[in-house]
Structures are given as structure tokens and as C-alpha cells.
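Below are some notes on the structure, written as numbered points. Please read them with the model open beside you.

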Amino acid sequence: MQHNTSIFRIWTLIKTNWFSTALIILLLLAVGRNRLPFHWSDNPTTHPKNSPEKLTENGTAATENKSLFGLIPGTNEPQAAIPAVDEATTIMFLRRFGKTATGEHKKFGTPASVLLAIAYVNSAGGQRETVTKANNYFALRCNGNWDGAMATIDRVCVRQYNTPWESFRDFSITLAGQDWYGEVRQSAGKDWTLWVKALGDKNLSDVPNFEAELSRVIQAYRLFELDTP
């Protein structure tokens, strides 16, 4: 009799809470069928869906064709890695000197994208001592024709300027004064890729893979938008 009473109570409980009971049963069946493992991890890179940024070989976040100058980005340009400078510093630098590079282009003819990229690469986004101690964004060294202020950095004499603008202007003058400049300007025209290729072997930098670094930063941050009239 007691056994029957227990069965009756269980049946009454199931009838009263039939929806919850059915839901629990379905859940148990689903878990048992799939047998999906669950892993805890403090490293988000173990879960691809939790990794919003692709890392470059330099360990910095690859920029997805960011437009820094208010123009609408396209979709056909390849993504590129950028030098190992943090994202905030990079964007601040390129925005700060975009107009300066455009002004130099109008006066001397070097594409603004190329000029700005050279300044960025040669100064490591404004972080090298040539900038912090001498306002020299292109790492221009002293030579026989230089009679301005000088600074010694790592036992190397570099030109020293009062303002960043003076550094850009002196580099434009120096570049335009080279014997090969007129030929490059005529043959490359407005094509920044031809400019980068032509300038890559002109000893304008002490940065390894200078030509490749110029191309990377121009593409990654769409600096060629500065060359659009």
C-alpha cells in the first residue's frame, strides 16, 4: 500500500510539473548525445571566435584598411603589416603630419603618401631619439653642406631642427636636390608604388627592408588617399 502511495505521489508531481520535467529530460538527452567538451582557458587565442584582431609577424595588430583622412575606404586593397609601433601612436603620427606631407607635395612633387611614410618609418612613428632629441623625422645626417644645428646620437651626427615642419622642409629640399630626383618624378608621376620602388635603393634610410616598410604603412593606413586631388 505504501509502495502504491509513493508511485501515486511521484505521478502527481510529474503531472503538476510536466513542462519542467520534459525540458530537463530533453536537455539531458542532448548533452548525452553530443558529449561536447568544455574547456576553460585564460588565453583568448585558444578560441578563434574570441580573437577579433589578426596579429602580424611583428606582433602588432594588423589594420584593416583604415582611412585616416575622412575618405571612404575601398575593399580591393590588400591588408598589410605595419612597423612595430603601437596603434595609438601610429594613428596620432599619421594624422598629425598628413597635412604637412600634402603641403610638401604641392611644393616639391613627392607624393604625400610616400613622404609621410618615409617620415613614419625613419622615425619609428616619432619615437626615435632623432626626433625626441633633434626634431629630425627623417634621420638625416650631417654632411659637408649642412651648416645648421647638430646633435650626436649613438655616435652619429644628425641634423637638428627647431620644429617638425623644418625637418619635413629640409628633407624635401634635400630630396629634390638629388641628381636623380627629376628623372624619378617624371617616370613615377603620381604612382606611389613606382616612387617607393625608385627610392628604395637611394640610401634614404637605415631601417632594414626600407622599401617593404614604406609599402606596408602606405597600404595598411591607406596613405595614398592623400594623393587624391
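1. Start with helix H7. On one side of H7, Glu183, Gln186 and Ser187 are exposed, where exposed means over 50% relative accessible area, buried means under 20%, and partly exposed lies in between (1.4 Å probe, protein chains only). Helices here are DSSP runs of H or I with at least four residues, strands are runs of E with at least two, and both are numbered from the N terminus.

2. A word on the source. This is a predicted model, in which local features need pLDDT of at least 70, side-chain atom pairs count only at pLDDT 80 or more, and totals for chains, interfaces and linings use all residues. Residues are numbered from 1 along each chain as its sequence is written, and side-chain values use heavy atoms, with hydrogens and water left out.

3. Which residues of H7 are buried? They are Tyr181, Val184 and Ala188. Viewed down the axis of H7, these buried residues fall within an arc of 65°, so they line one face of the helix; the arc is that of the directions from the helix axis to the C-beta atoms. The buried residues of H7 pack against H3, H6 and H8, contact being heavy atoms within 4.5 Å. After H7 comes Gly189, with a positive phi near 60°.

4. Now the core. A nonpolar core is a set of buried Ala, Val, Leu, Ile, Met, Phe, Trp, Tyr and Cys residues joined through side-chain atoms within 4.5 Å. The largest one has 43 residues, of which Phe138, Val217 and Ile218 touch the most other members. Helices that each supply at least two residues of this core include H3 (87-108), H4 (112-123) and H9 (210-220). H4 gives the most, with 9 residues.

5. At 1% relative accessibility, Phe138 counts as buried. Not counting residues up to four places away in sequence, Phe138 touches Leu115, Ile118, Ala119, Asn122, Ser167, Phe168, Phe171 and Leu204.

6. Next, the aromatic rings. Rings of Phe, Tyr and Trp (its six-membered ring) pair if their centres lie within 6.5 Å; planes under 30 degrees apart count as stacked, over 60 as edge-to-face and the rest as tilted. By this rule there are 10 aromatic pairs. Phe138 and Phe168 form an edge-to-face pair, 5.0 Å centre to centre with 80° between the planes. This pair links distant parts of the chain, 30 residues apart: Phe138 is in the loop between helix H5 (129-132) and strand S1 (150-153), and Phe168 is in helix H6. Phe168 counts as buried at 0% relative accessibility. Ring pairs also link Phe93, Phe97, Tyr120, Tyr137, Phe138, Phe168 and Phe171 into a cluster.

7. How do H4 and H6 meet? Their axes come within 12 Å and cross at roughly 115°; axes are lines fitted to C-alpha atoms, for helices over the stretch in contact, and angles run from 0 to 180 degrees between N-to-C directions. Leu115, Ile118 and Ala119 in H4 meet Phe168, Phe171 and Ser172 in H6.

8. Last, Ser123, which is found in helix H4. At 0% relative accessibility, Ser123 counts as buried. Leaving aside neighbours within four places in sequence, Ser123 is in contact with Phe93, Arg128, Val131 and Tyr137.
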